[in-house]
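Hi there,

Here is the structure I promised to pass on. Please have a look at it first, and then read my notes below.

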Amino acid sequence: MIIEQQEHFRFWEQANIRDIHVEHALLAKGQRKLFTIQSSSFFCIRRGNLLVLLNQKLYSINHFEIIHAPPKSRFEVNAGSEGAEYIVISYKAEWVPTYGDEPLLLDKHRNPTYVTYRVTPTQPMMIYEITDRMLEIQEQQEHGPSVPLQLKSSFYQWVYHMVQDFYLQSPIVKIASPVELVTLTLEYMLKNYAKPHTLDSLAIVMQRSPGHLSNCFKQVLNRGPIDCLIRLRMQKACKLLVETKLPLRIIASSIGYQDAYYFSNAFKKYMGVSPQKYRKQIVEEDVTSSAGRNHIVGSLPPCYIPLCDNDNYYQHLDGGSDDMLRNIKRVPIALLMAFGLLLSACSGGSSGNTGAATGDGSTAQSDAPSSQVNSTSENNTNENTQATTRKVNSSMGEVEVPANPQRVVTDFFLGHILALDVKPVGSNGVFMQNPYLEGKVSGIEDISDNLEAITALNPDLIVTGDAKSYDAYSKIAPTVFLDNSAPVRDQVKELGVILGKEAEASAWLTDFEQKVTSAKERLSSIIKEGETVTVFDGGLSKDITLYGNAHTGRTIHGELDLPMNENVERSIDPKVGWATISNELAESYAGDYVFMAVNAKAESYDYASDPVWGTLDAVKNNKLYEIDGYKFYFSDPISVMGQIQDIVEMMEERNQENSKS
C-alpha cells in the first residue's frame, strides 16, 4: 500500500462510514464459488484455506488471514482439503474533512478503500471476536435504532486493528517486474556503454543473478542483455564513422572495445560490412542528405514521434510473441530507439495481426461423439434441422433447449462456448478478463451473479456450473447444468450436444489430441526418463502453494502428463488439487524442473540468490520457469491450448539456451 500509516489513520478518523454489512459463508472441501462485491470489503478466512482469484491475481489464503478488496471486485474462491469458512465485511466510506483540516489528496492508488492489501493479524482471536460481535449485532437489526451505531462502533475497532497490524507486518522485499528490471538495465548501459561489461558484471550492478537478468531480458525483448549492449555500441559506432574521421582504434575505445581488430569483427558481424567499407560507402553517397544518413545510422527526424500512431511503433519490432510485444510497449520508446530495437514506422507500411487464429469456423462433417448429455429428440437428423427445440439430458434432468440457440448466457463456460464458434451474449466478468480470450469477448455483457442483468439480456439458453443457481436461472430461460470440474474433453463433448455443435466439438477434439500428442513428443526430448516436474505458486513468499493436476497444474500434469514429484503426489488430495506448504519444505517437493506461478505484471524473483531456493537443483541448472499464474488459472479449451503452446515453447527455448552454456 502506497499510503503511509499516519495518513491511513487520518483517513479513517474523518471518513463517513455507512452501509456496513457482514456475511458469513461455509464451503465444503474442493467447493468453488463465484461472486462480485459492490462495496469495499474485508475478506477474512476463519477456518481452512482458500485459493482466491481476485481481480486478475491469484492468492492462497490460510486461516486467520485477511484481504481488503476495492469496490466491484470479482472473486472466485476454491476451498482446500479441509473446506473453508470465511466472512466478508463490506462498507462504504467517504472522506469528509472537518473545518481547518488540510485536504487529503488521495487518488485511487492511495485511497485505502480502493487498494487491495493483505493482513496477517497479530492477535487473530481478538479480530474474530469483533467479527462475531458484528454478526450478532447485524442479526438484531430489527430490534432497535441503536443497531447501526453498534455496528459502526465495532467496525471502527476492526479497522484500527487492521491498519495497526498491516504496518506491523514484516516489510515485503521489493520486487522489480521484468519490464522494470530491463528498463533500469538499459538505462544503465546507455550511460555506461563505453565501460567493459559482461553478463556477470551487469548482474552485479543490478543486484540480480546472471540467469535471472538474462531470463527477464528474453521475456521482454526476446534477446539477452549483451546482445542489446552490442546493438547500442554499433549504433554509436555508425554515428562516429559517419560524422567523424576518427581512426578505428579511437572509435573502438570510445564505445567499449579495447581492441580495434575485435571491434572490426563485431561490426562486420552486425552490419554485414567492415567499418572501413561502411565509412567508404557513406562518403561515396551524399552524406549531407539527412534522409540517407538517418536511414543508415538509425537517428530519426524531429517529426517522427508527433506524426506516428504509437501502436505503429511496435509493428516493426524484431520478432517476439504477443506477450513480449505487450511487455516491450512498457519500455520507453527512446530506449528502444537508442538500442536499435525499434525501426522507423513512418516509412513502413502498416501490418495487421498475423497471429494464428483460434476457432476458424470450420464445419467438420464427422459423426457426433457420444456424451453424458444425450439428444433425445424423436425426429430423425434431417427433421432435427427444422425443429425449433431439442431435448437434452443432464444431471439435473431432461431440459428442452433451442435447436439453434442465438442468445446464450453462461457463468463458467465462456471459453468452452467460444471454442465451438458460438458467442454468448452474457458471461461472468472473471472469465471475460482471461488473457487467452483477448479479442474474442467484445460485445459480451458482464452478468456476474446478477439475475436482473441476465434477464435483461433475454437469453434463450443458460449454461451454468453453479448448482445452487440452477433453479433461479431456470425461471429466466432453459438452463443446463454442467460439472465445472469435469475434464475439458467431456465438457466440450457435452456442450457440442447442448448447442447443436456436435461437428465443431468433434473437430476441436481431433485437433486438440493432435496438438497434445505433438507437444508431448517435443517435450520427451527435454524431460528424460525418471525426471519430475513440480508446479509452485508464491515466489519467495514464506508460504507457497503446491499444485497437483488441478488449477495451475492442470495443463502441466493433467494434459501434458509431465511426471509429478512423488512427495507432491502423496501430499495433495486429488479432489482438491492443491496445498499450502512452508517454503522451507520446497526442497522435498521440488522436481528436476520447476514451474513457479507469479503475478507476471509485477513480480519476478531472483531465486539463485535466495538461501532456500538457491540450493535447489532446478535453480542451479536453470530449469526453473516463471509462468503467469493468472493465465494458467483458466481451464477452458482455448486457454488449455494456449498454455500447452506456452509451456512447450518455454522449455524448448530454455533447453537450447542451457545446451550452449
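A residue is called buried when its relative accessible area is under 20%, exposed when over 50%, and partly exposed in between, using a 1.4 Å probe and protein chains only. C216 counts as buried at 1% relative accessibility, and C44 is buried too, with 0%. Taking a disulfide as a pair of cysteine sulfur atoms within 2.5 Å, the count is zero.

A word on the source: this is a predicted model, where local features need pLDDT of at least 70 and side-chain atom pairs count only at pLDDT 80 or more, while totals for chains, interfaces and linings use all residues. Residues are numbered from 1 along each chain as its sequence is written, and side-chain values use heavy atoms, with hydrogens and water left out.

Now to the cores. A nonpolar core here is a set of buried Ala, Val, Leu, Ile, Met, Phe, Trp, Tyr and Cys residues joined through side-chain atoms within 4.5 Å. The largest one has 68 residues, and F595, I647 and M651 have the most contacts inside it. Counting contact as heavy atoms within 4.5 Å, and leaving out residues up to four places away in sequence, M651 touches L523, I526, I527, Y593, F595 and Y625. A second, separate core of 38 residues includes L181, L186, A237 and L335.

Helices and strands are DSSP runs numbered from the N terminus (helices are H or I with at least four residues, strands are E with at least two). I251 sits in helix α8, residues 248-254, and is buried at 0% relative accessible area. Beyond four places in sequence, I251 touches A237, L240, L241, L246, F263 and R279. Its C-alpha atom is 9.0 Å from that of K236, which is 15 residues away along the chain.

Finally, the strands, which pair if DSSP finds at least two bridges between them. Strand β16 (residues 543-547) is largely enclosed by the rest of the structure, because four of its five residues are buried. β16 pairs with β15 (residues 533-537) in the antiparallel sense over three bridges, and five bridges join β16 to β17 (residues 578-582), also antiparallel. L546 in β16 stands opposite F536, and has A579 in β17 as a bridge partner. The hairpin of β15 and β16 has five residues between the strands, and there G538 takes a positive phi near 130°.
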